[in-house]
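Subject: Structure handover

Hello,

Here is the structure I promised to pass on. My notes follow below it.

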Amino acid sequence: MLTGVDFVFRPQPTIYLLWALGDEETRRVIEAAHERAIERVLEWIEDEVAVIRYGKDGIYRVRPPGCLVAARFRHYEARSGMPLLHDHLLLSVKGQRLDGKWGSIHTLTLHENTVAASALYNELVAAEVCEALGLATEPRTATPGRRPVMEIAGVPHELIRWTARRSDQIAACLEDLEHEYVTAVDDDGELKFLPVVSERARAKLNGIAARKIRPPKQKTQPLAQLRKEWKESAIRTSKVAVDVINSLLEYARAAACPGSVIGPSV
């Protein structure tokens, strides 16, 4: 039986890179913006999205008059060990009506609005981070053929690639699975599927690839230790200049204010 719906909130890669590689003040500002954005999205879900079904076959629907019930869990890294600030928000599917009775939240409505919730979160967290830290956003094409996404100007794309180890592994596994899919034959030697992978089939294969290469969870470490290790790893393996990594916020601020000059690192 379904007891809750899991929403995952994570800022844009350039924001969590600033969070991971910046100083303590930058980390605190980004975490505060992240938390406030989640709260705003939850308020939006309560006010505009969530409805309680009741009556025969759930024919009646009302807005929950009070707050929804949710539990939030903070994570600092991806399974690959790379930095990935994100929160899981487990939203209960039970809500209280005006008469005091508890009913079921219409889960289909929640699922239909997950993309909108994610877009609202991204807009809110980016706006607050930019205002608080003096930054600007710019459109970047993350995946060829898809529309650009807004990222923090001045944060090198090479740092995003540095965090994308698991994505590369999933892409390689997906390529193998797609080849198996289009060449699979039945007992009579006939192709089992169409010779072209549909978007629906690709989505399913992508999920299979993600599960196949899913690494075990890392041993929990203090955030301060993780941040130290991430910076050392970025300096060693990201191919981004040490000065840029050590002064990432300053480079991002300079990109937001053309004509600014970054002084030498001390």
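A term to begin with: pLDDT is the predictor's confidence in each residue, on a scale from 0 to 100. This is a predicted model, so local features need pLDDT of at least 70 and side-chain atom pairs count only at pLDDT 80 or more, while totals for chains, interfaces and linings use all residues. Residues are numbered from 1 along each chain as its sequence is written, and side-chain values use heavy atoms, with hydrogens and water left out.

Confidence. The protein chain has a mean pLDDT of 85. In it, 85% of the residues reach 70 or more. Helix α1 (residues 13-21) has the highest confidence, at a mean of 97. Helix α6 (residues 165-183) has the lowest, at 66. Where pLDDT is low, the predicted coordinates should not be read in detail.

Overall make-up. The protein chain holds 10 helices and nine strands. These are DSSP runs, numbered from the N terminus (helices: H or I, at least four residues; strands: E, at least two). Of the 266 residues, 38% are buried. Buried means under 20% relative accessible area, exposed over 50%, and partly exposed in between (1.4 Å probe, protein chains only).

The sheet. Three strands make an open sheet, ordered β1-β5-β4, with antiparallel pairing. β1 (4-9) and β4 (70-77) are the edge strands; each has a single partner, so one side of each is left without a neighbour in the sheet. Neighbouring strands are turned by 20 degrees against each other on average, direction ignored. Two strands count as paired if DSSP finds at least two bridges between them. β4 and β5 (residues 83-92) are joined by seven bridges. Ala-71 has Leu-90 in β5 as its bridge partner.

Helix α8. This helix (residues 223-237) packs on the sheet and touches β4 and β5. Contact means heavy atoms within 4.5 Å. The direction of α8 makes about 40 degrees with that of β4. Axes are lines fitted to C-alpha atoms, for helices over the stretch in contact; angles run from 0 to 180 degrees between N-to-C directions.

Which residues of α8 are buried? They are Leu-223, Leu-226, Arg-227, Trp-230, Ser-233 and Ala-234. They cover an arc of only 130 degrees around the axis, which puts them on the same side of α8. The arc is taken from the directions from the helix axis to the C-beta atoms. Ala-224 and Arg-236, on the other side, are exposed. Just after α8, Lys-239 takes a positive phi of about 65 degrees.

Best wishes
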